[in-house]
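Hi everyone, thanks for making time.

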Amino acid sequence: MNKAAPSLNVFALGFPMTMLLGLFALMASLTGIGDHYFDLVLELNQHLHYMLRLPNV
C-alpha cells in the first residue's frame, strides 16, 4: 500500500477508524444498561426489606 500511494499511510487512517468504530460499539452496547441497573437496584431493595423484615417505605 505504501508503494502504491506513499502519501496515504495505512496506520494513519486505520487507527482513528478503529477507535471510532470501538466508541460506536461501546455506545450501542451501553444504551440499556442504566434502566437494567435501576431495575436490579429496586429488586435488591425489595429483597433486603424482605430479609430484614423492614416495613415497606
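Before anything else, one definition: the expected span of a helix is 1.5 Å times one less than its number of residues. Keep in mind that what you're looking at is a predicted model.

How far apart should the ends of its 20 residues be? The rule gives 28 Å, and the end C-alpha atoms of α2 sit 28 Å apart, so the two agree.

Zooming out, the protein has two helices and zero strands. Of its 57 residues, 2% count as buried. The accessible surface is about 5600 Å², and carbon and sulfur atoms account for 73% of that.

Now, the surface itself. There's a nonpolar patch made up of L23, L26, L30, I33, Y37 and V41, with about 600 Å² of accessible area between them. Two elements each put two or more residues into that patch, α1 (10–29) and α2 (33–52). Which one gives the most? That's α2, with three residues.

Take V41, one of the patch members. V41 lies in α2, and its relative accessible area is 37%.

How values were computed
Residues numbered from 1 in each chain as written. Predicted model: local features only at pLDDT ≥ 70, side-chain atom pairs only at ≥ 80, totals over all residues. Heavy atoms only, no water. Patch = residues over 30% accessible without salt bridge, like charges linked within 9 Å, V, L, I, M, F, W, Y side chains within 5 Å. Areas by Shrake-Rupley, 256 points an atom, 1.4 Å probe, with all protein chains shown as cover. Salt bridge = Lys/Arg side-chain N within 4 Å of Asp/Glu carboxyl O. Helix = DSSP H or I, 4+ residues; strand = E, 2+ residues; numbered from the N terminus. Buried < 20%, exposed > 50% of the residue type's maximum accessible area, 1.4 Å probe, protein only.
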